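These are my notebook entries on one protein structure. I set down what I looked up, entry by entry, with the cut-offs I applied.

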Amino acid sequence: MIKHFFAATTGNVISLVGTLMMVLSLLFIAALLVMQAMGFEGGAYLGIITFVVLPMLFLAGVFIVPLGIWLQKRRDAKAVAEGRPVGHLPVVDLNRESTRGVLLGFAALAVPVIAIGAGLTFRAVHYMDSDEFCGMACHKVMEPEHTAFQRSPHARVGCAGCHIGPGAQWFVKAKISGSWQLVAVALDLYPRPIPTPVHSLRPSNGTCEQCHWPTKFLGDRLKVRTHFAEDEANTELKTALMVKVGGEQAGTSHGIHWHTDPNHVLRYRADPTREKMYEIELTDRIAGSKKVFKIEEPAPEGTEWRTMDCVDCHNRASHIYRTPQWEIDLALSDGRIDRSLPFIKREGVRILTEKDYASHAEARAGIAAAVQDYYAKNHPDRTGSPAVEQAGKALGDAWAWNNFPHMQVKWNTYPNHIGHQDSPGCFRCHDNKHKTDTGEKIGKKCSTCHNVVAEEESDSKLLQELGLQEAPPEPVAAADGSAVEAAEPTAAATGT
């Protein structure tokens, strides 16, 4: 039986090629899996080879082998009709013991082949939903979004959870869309930068709301931001807002997440970037009323209505690009930049924004040199110090995390609509310009969304009482009676 099976799968060139594809792909898959189990890190491309390319070769071999047998059988039948000798492929005659043996052999092998094919297909699908595949397989194209994603609050959620969600329908849509994206990458047809928003994104009730419940957005939240002045001392400043998160409670909604109340349906017409809102329609299902707020400029022809959901405000929930000021504030807060460096906030912003670079390597070198040059000219006592070197590295990181020359992505390419500091954000609608026919407006009152507790304060009594800010050192009298700033307490004085 084994002899007949071997003859059937290798008795012609086509079947022989298919058999070799099956055997070699299985051997390579096994070898790569063993290598990965032993700790070998091959990156995204090793995963593509292991779970996509090689399984495709295996499945192709599965189809090629019977195709070769069928073609060989046709050639043999033609040879018999013409009186020529035929090959050694078996004739399907169930009265012959050898034929039955071959068929039983094929049936016995079909089960493990199908099982292997199904397993490899599952692994391929699972791998194509992984962050590694989404972010690194098309490295240059996805580098900006993948870099921002790794620094986001959703870094451990996974790409598929937000971009696909549960269910087969959107999975199929995503893979069909991804097929064209693969072609675009291979043929270099993709735009630079990638335009946003993604108009084919699944509605948030199938993605965001799998974790974030609309009925659980309750109460107010004290949000404190630390930033630094552009003076010589890089003075630490605190801004505190009591944000009215709100949500649905006891059948009514309030605060910012009033927008998510299922009894309020909000639709709008905007330009393709969703930066300019032409018309906003509010339907109150309880009252049975409908209002349309418009600006004076009419909506262009072809502009479509869209039902508002989470990503209209949280448009950079997982891919957050920060401003130079914000990046330096973060670096000063967590110690990556020494706050004792004179004017580092002011000069850091200048250095990050005064020049474009062709690559990350060029930017890191140029920024580090600019930092060294400033302190060599203006504060020679700091020249070459570890603090200056570390500041140059931190500023280089900040530039590389937000700028990607290959994709033409810069600091302000992708605005964040949360708030209104770095982009219009809330003021796209809340601008006092959208009116109904009766003159009712969408207001622009700050207190609608938050109350200001402290604004850029370095000595807030309230924040100090809450333990969110340290009081500045008390001045002490000098020998001549003048006031001088108190020295930092020593370890001996504090008992540490």
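**Entry 1: T207.** I listed the contacts of T207, leaving aside its neighbours within four places in sequence, and found G161, C162, I164, G165 and R202; contact means heavy atoms within 4.5 Å. The model is predicted, so I note that local features need pLDDT of at least 70 and side-chain atom pairs count only at pLDDT 80 or more, whereas totals for chains, interfaces and linings use all residues. Residues are numbered from 1 along each chain as its sequence is written, and side-chain values use heavy atoms, with hydrogens and water left out.

T207 sits in the loop between α8 (168-186) and β1 (221-228). Helices (H or I, at least four residues) and strands (E, at least two) are DSSP runs, numbered from the N terminus. I then asked: is T207 buried or exposed? T207 counts as buried because its relative accessibility is 6%; the classes are buried under 20% relative accessible area, exposed over 50% and partly exposed in between, with a 1.4 Å probe and protein chains only.

**Entry 2: H417.** H417 is located between α12 and β9 (450-457), and its 5% relative accessibility makes it buried. Beyond four places in sequence, H417 is in contact with R274, E275, D312, C313, N315, S423, G425, C426 and R428. H417 and R316 are 101 residues apart along the chain, and their C-alpha atoms are separated by 7.6 Å.

**Entry 3: the chain as a whole.** I recorded 14 helices and 11 strands for the protein chain. Its length is 496 residues, of which 33% count as buried. Among contacts with a separation of 6 or more, 62% are between residues 24 or more positions apart. The accessible surface is about 29,300 Å², and carbon and sulfur atoms hold 61% of that area; the areas come from the Shrake-Rupley method with a 1.4 Å probe, and for residues only the protein chains shown count as cover.

**Entry 4: nonpolar cores.** A nonpolar core is a set of buried Ala, Val, Leu, Ile, Met, Phe, Trp, Tyr and Cys residues joined through side-chain atoms within 4.5 Å. Which residues have the most contacts inside the largest core? They are I337, L352 and I367, in a core of 26 residues. Helices α9 (324-333), α10 (344-353), α11 (360-378) and α12 (386-402) each supply at least two of its residues. The largest share, seven residues, comes from α12. Another core, of nine residues, lies apart from this one and includes A148, Y190, Y321 and V409.

I followed I367 further. Not counting residues up to four places away in sequence, I367 touches I351, L352, Y357, G392, L395, G396 and W399.

**Entry 5: aromatic pairs.** Rings of Phe, Tyr and Trp (its six-membered ring) pair if their centres lie within 6.5 Å; planes under 30 degrees apart count as stacked, over 60 as edge-to-face and the rest as tilted. I counted three aromatic pairs by this rule. One of them joins Y357 and W399 edge-to-face, at 5.5 Å centre to centre and 85° between the planes. This pair links distant parts of the chain, with Y357 in the loop between α10 and α11 and W399 in helix α12, 42 residues apart. Y357 is buried at a relative accessible area of 9%, and W399 is buried at 3%. Y374 and Y375 also pair edge-to-face, at 4.9 Å and 85°, and both are buried.

**Entry 6: salt bridges.** I found 22 salt bridges, each a side-chain nitrogen of Lys or Arg within 4 Å of a carboxyl oxygen of Asp or Glu. D329 and R225 form one of these, with the closest N and O atoms 3.2 Å apart. The pair links helix α9 to strand β1 across 104 residues. D329 is buried at 3% relative accessible area, whereas R225 is partly exposed at 29%.

E279 and R269 meet in a salt bridge at 3.3 Å, N to O. E279 lies in strand β6 (residues 277-284) and R269 in strand β5 (residues 264-270), so the pair ties together parts 10 residues apart in sequence. Both residues are buried.

R306 and D309 form a salt bridge with a closest N to O distance of 2.8 Å, and D309 is buried at 16%. Salt bridges that share partners join R274, R306, D309 and D312 into one network. I note that R274 and D312 are also among the contacts of H417.
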